[in-house]
Amino acid sequence: MASMTYRAAGVDIDAGDALVERIKPLARATSRAGVLGGLGGFGAVFDLKGAGYADPILVSSTDGVGTKLRIAIDTGLHDTVGIDLVAMCVNDLVVQGADPLFFLDYFATGKLSLDQASRVIAGIAEGCSRAGCALVGGETAEMPGMYGDGDYDLAGFAVGAAERGTLLPRGVSPGDALLGLASSGIHSNGFSLVRRIVAATQAGWHTPSPFSAGSLAQAVMEPTRIYVKSLLALHRAGLLKAAAHITGGGLPGNVPRVLPDGTRAVIDAASWTLPPVFAWLARAGGVEPEEMLRVFNCGIGMVAVVTDPAAARRILVENGETVFNIGQIEAHAGAPDVQIDLPDGWGV
């Protein structure tokens with residue numbers, strides 16, 4: 001029998017090593033106080049005291065980007081799904097009052113393409129820079145027979161910290177205001193429905209977008225907005241009582257998660273304009289308003305619960321956010337709830 005090799009079986013160790021060397025500068029560019037060492041060790045080490053914490057609580061989150069990956073793979077638009085990956089994790093940390101410290105990624109594919117993997121991980125590094133967290137390591141898995149040609153999968157893991165006693169939510173009560181922070185687009189939820197609508201309309205991903213500049217693929221692949229720095233500024237100013245990251249489940253599914261029993265959020269959907277991408281999806285797919293709100297962020301990627309909306313708005317706008325006064329907290333018997341008032345013709 002002829003001598004067998006790992007490379008002949010479909011796994012190229014040299015390509016994996018080359019990828020690590022290629023991404024080391026990207027990881028170094030995301031370094032922050034507390035990081036010890038760099039890529040290449042068996043594990044990442046982080047010094048919480050070096051990051052400035054006296055009595056820290058650790059907060060962790062893991063996530064992916066769902067079937068948005070299918071569009072990236074089918075269109076070759078690999079440069080921003082890494083930003084999505086980081087955003088989905090760190091936005092879930094900051095709503096708990098935590099500062100994202102470090103991030104690790106998992107990239108799995110059937111046959112490693114240095115160009116494809118490098119573009120994806122460059123996006124991850126960019127997302128980490130936007131969030132102020134360090135890319136400290138990860139795993140690249142080449143698994144022939146597990147993925148189709150050109151396919152890959154992504155997962156991310158983030159760890160953040162907060163000083164003891166500062167975790168959110170806290171003190172939410174009737175009379176508090178709800179501020180909606182604009183999303184950058186669809187973000188990373190609802191793409192199974194997006195893909196179904198596009199297929200039903202027989203529109204091609206590379207055809208001009210019917211609602212914006214560029215191709216349809218470029219429009220729907222706009223990366224998820226990262227709200228870390230603006231929300232941390234608001235929290236450190238003592239103005240943030242709670243925040244809800246609007247992901248799967250939309251406003252109705254996520255806002256109640258940060259409310260105490262005996263309260264409900266009352267939201268006026270007329271207080272912001274439905275972005276064109278969502279209006280197009282609603283029309284093209286015949287999607288009812290209630291379903292739109294349950295599947296998509298519909299233009300509001302984050303909701304902040306505050307007591308002084310004018311002061312909070314100033315800080316958020318100074319940090320680059322587009323902010324809407326979307327409602328308030330009211331007393332309500334029983335479990336936390338949300339009431340969304342829809343104007344006539346909303347979503348059309």
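At what angle do the axes of helix α3 and helix α7 cross? In this predicted model, the answer is roughly 5°. Helix α3 covers residues 81–94, and helix α7 covers residues 228–236. Their axes come within 10 Å. Angles under 35 degrees count as roughly parallel, and α3 and α7 are therefore roughly parallel to each other. On the α3 side, the contact is made by Val 90, Asn 91 and Val 94. On the α7 side, it is made by Val 228, Leu 231 and Leu 232. Five of the residues in this contact are nonpolar, one is polar and none is charged.

Leaving aside neighbours within four places in sequence, Leu 231 is in contact with Val 94, Leu 181, Leu 240, Ala 243, Met 302 and Leu 316. Leu 231 also belongs to the largest nonpolar core, which has 103 residues. Leu 231 is among the residues with the most contacts inside that core, together with Phe 103, Ile 124, Val 220, Leu 234 and Leu 251. Which element gives the most to this core? Helix α3 does, with nine residues. In soluble globular proteins, nonpolar side chains tend to be buried together. Another core lies apart from the largest one. This other core has nine residues, among them Ala 51, Leu 101, Ala 134 and Ala 161.

Next come the aromatic rings. There are four aromatic pairs in the model. One joins Phe 46 and Phe 102. Their ring centres are 5.3 Å apart and their planes are at 40°, so the pair is tilted. Phe 46 sits in strand β2 (residues 45–46), while Phe 102 sits in strand β4 (residues 99–109). The two are 56 residues apart, and the pair links distant parts of the chain. Phe 46 is buried, with a relative accessible area of 18%. Phe 102 is buried at 17%.

Strand β4 also carries Phe 107, whose partner Tyr 152 is in strand β6 (residues 152–163). These two are 45 residues apart, and their pair too links distant parts of the chain. Is this pair stacked or tilted? The ring centres are 5.2 Å apart and the planes are at 25°, so the pair is stacked. Phe 107 is buried at 0% relative accessibility, and Tyr 152 is buried at 4%.

Val 136 is buried, with 11% relative accessibility. Not counting residues up to four places away in sequence, Val 136 touches Val 35, Leu 39, Ala 44, Phe 102, Phe 103 and Leu 104. Take Val 35 as an example. Val 136 and Val 35 are 101 residues apart in sequence, yet their C-alpha atoms are 7.8 Å apart in space. Val 20 is in helix α1 (residues 13–28) and is partly exposed, at 30% relative accessibility.

Helix α9 (residues 276–285) shows a run of buried residues: Val 277, Phe 278, Ala 279, Trp 280, Leu 281 and Ala 282. What do the buried residues of α9 pack against? They pack against α5 (191–201), α6 (216–220) and α10 (289–295). After α9 comes Gly 286, with a positive phi near 60°.

Most residues other than glycine have a negative phi, and most peptide bonds are trans. His 187 is not a glycine, but its phi is positive, about 65°. His 187 is in the loop between β7 and α5, and it is buried, at 2% relative accessible area. Gln 202 also has a positive phi, near 60°. This residue is in the loop between α5 and α6. Is Gln 202 buried or exposed? Gln 202 is exposed, with a relative accessible area of 72%. Finally, a cis peptide bond joins Leu 168 and Pro 169, with omega about 0°. Pro 169 is in the loop between β6 and β7.

Terms used:
Residues numbered from 1 in each chain as written. Predicted model: local features only at pLDDT ≥ 70, side-chain atom pairs only at ≥ 80, totals over all residues. Heavy atoms only, no water. Axes fitted to C-alpha atoms, helices over the stretch in contact; angles between N-to-C directions. Helix = DSSP H or I, 4+ residues; strand = E, 2+ residues; numbered from the N terminus. Parallel < 35°, antiparallel > 145°, perpendicular 65-115°, else oblique. Contact = heavy atoms within 4.5 Å. Nonpolar A, V, L, I, M, F, W, Y, C, P; charged D, E, K, R; others polar. Phe/Tyr/Trp six-rings, centres within 6.5 Å; stacked < 30°, edge-to-face > 60°. Buried < 20%, exposed > 50% of the residue type's maximum accessible area, 1.4 Å probe, protein only. Core = buried A, V, L, I, M, F, W, Y, C linked by side-chain atoms within 4.5 Å.
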